[in-house]
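The report below concerns an interface between chains and some local features around it. Please consult the sequence and the structure while reading.

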Amino acid sequence: MTSSGRSISLQDLQSSLARAAGVPPSRLDGLDRRTRLDSLGLDSLAYLQLQFDLLDHFGVHVSDEAARQMPTVGDVLDYLNARLDHAGGESKV
Amino acid sequence: LDSARRSVRLDTGGIVFGLTRRLARATLWSILDIRVDGADRLQTCAPAIVVANHPCALDGLLLLPLFRRQPIMLGLERHFRQPLAGWYLRQVGLLPVREGALRSDSMFAVERGLRAGRSALIFPEGQVSRGSPVDAFRGGFLVLAYRTGVPVIPVTIVGSEHALAEPRTPTAPHHFVPRRARVDIHVLSPVECTNPTGDRAVMTRDLIRIRERIVSRHTASGKMPGA
């Protein structure tokens, strides 16, 4: 849980990944924090949809540069929750 | 008043676009035998995502005079590396797009432009056609169409590959000297695209449908007498 009271779970990210890849979430049931994104077979279109999806659902814009630094699912989760935490902290100021 | 004057920024983008548009019309359009049908669709249906096949490196310039307002365009990042070229391309309305899997930064910018009422001009082959008259399309423009509800206007360009000696990868200055050629530009009717669930099958179907419309018009144009 972040200081803003919101947090993004593995299941949340699984849903986003499934929407981006155009597959049912159940297809990604084995997903864990160590899963590498490049092992999911996402093409450039899926990455684009994932970045839009994360913005739409969690309000977090993941730039291309940031995305390059996130090889695993855990990296993405940490980044998203850190950004939520940061946004929550800013809103309290 | 002084502070107001200082706060005014010169809109060089509009000026450079306007000059480029006029220059393209005065030079390219007089050297080449350009015939356009359906151009009014670009005025009556705006904003729109205009997608065209890409037989020649000049295609962007050939299409610019058809737009009254500066469209958003995408260009490969490597073309922006020279400072002067980079400045010019940005002023004309191009956004640099990276090659490779991650290139969404520019797509976010295109989406903002579409929502602000600007049209986008996209060559979904990603580069000048390599083999067949029209190469496979990339689907990024469809994601934008689904998200913004902006219609897609397909455009078929026929014959521009004959306008340059080196239409695919012009590098030397003489490669950019146009030569007389007939170019047909067909602005086709708009396509409304909806896909609320982001279904990949729907996207693939729309991508094939739009590409097929461009290819069909290309084939029909090639069979027309005098074409």
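A residue is called buried here if its relative accessible area is under 20%, exposed if over 50%, and partly exposed in between, with a 1.4 Å probe and protein chains only. This is a predicted model, in which local features need pLDDT of at least 70 and side-chain atom pairs count only at pLDDT 80 or more, while totals for chains, interfaces and linings use all residues. Residues are numbered from 1 along each chain as its sequence is written, chains are lettered from A and ligands numbered from 1 in the order in which they are written, and side-chain values use heavy atoms, with hydrogens and water left out.

The ring centres of A:Phe52 and B:Phe108 are 4.6 Å apart and the planes stand at 55°, so the pair is tilted. It crosses between chains, since A:Phe52 belongs to helix H2 of chain A and B:Phe108 to helix H7 of chain B; helices (H or I, at least four residues) and strands (E, at least two) are DSSP runs numbered from the N terminus. Both A:Phe52 and B:Phe108 are buried.

H2(A) also packs against helix H8 of chain B, at an angle of about 25° and with the axes 9 Å apart, where axes are lines fitted to C-alpha atoms, for helices over the stretch in contact, and angles run from 0 to 180 degrees between N-to-C directions. H2(A) and H8(B) are therefore roughly parallel (under 35 degrees; over 145 is roughly antiparallel, 65 to 115 roughly perpendicular, the rest oblique). The contact (heavy atoms within 4.5 Å) involves residues of both helices, including A:Phe52 of H2(A) and B:Leu144 of H8(B).

H8(B) is mostly covered, eight of its nine residues being buried, among them B:Gly140, B:Val143 and B:Leu144. After H8(B) comes B:Gly149, with a positive phi near 75°.

In the loop between strand E5 and H8 of chain B lies B:Arg138, which at 42% relative accessibility counts as partly exposed.

Methods
Phe/Tyr/Trp six-rings, centres within 6.5 Å; stacked < 30°, edge-to-face > 60°.
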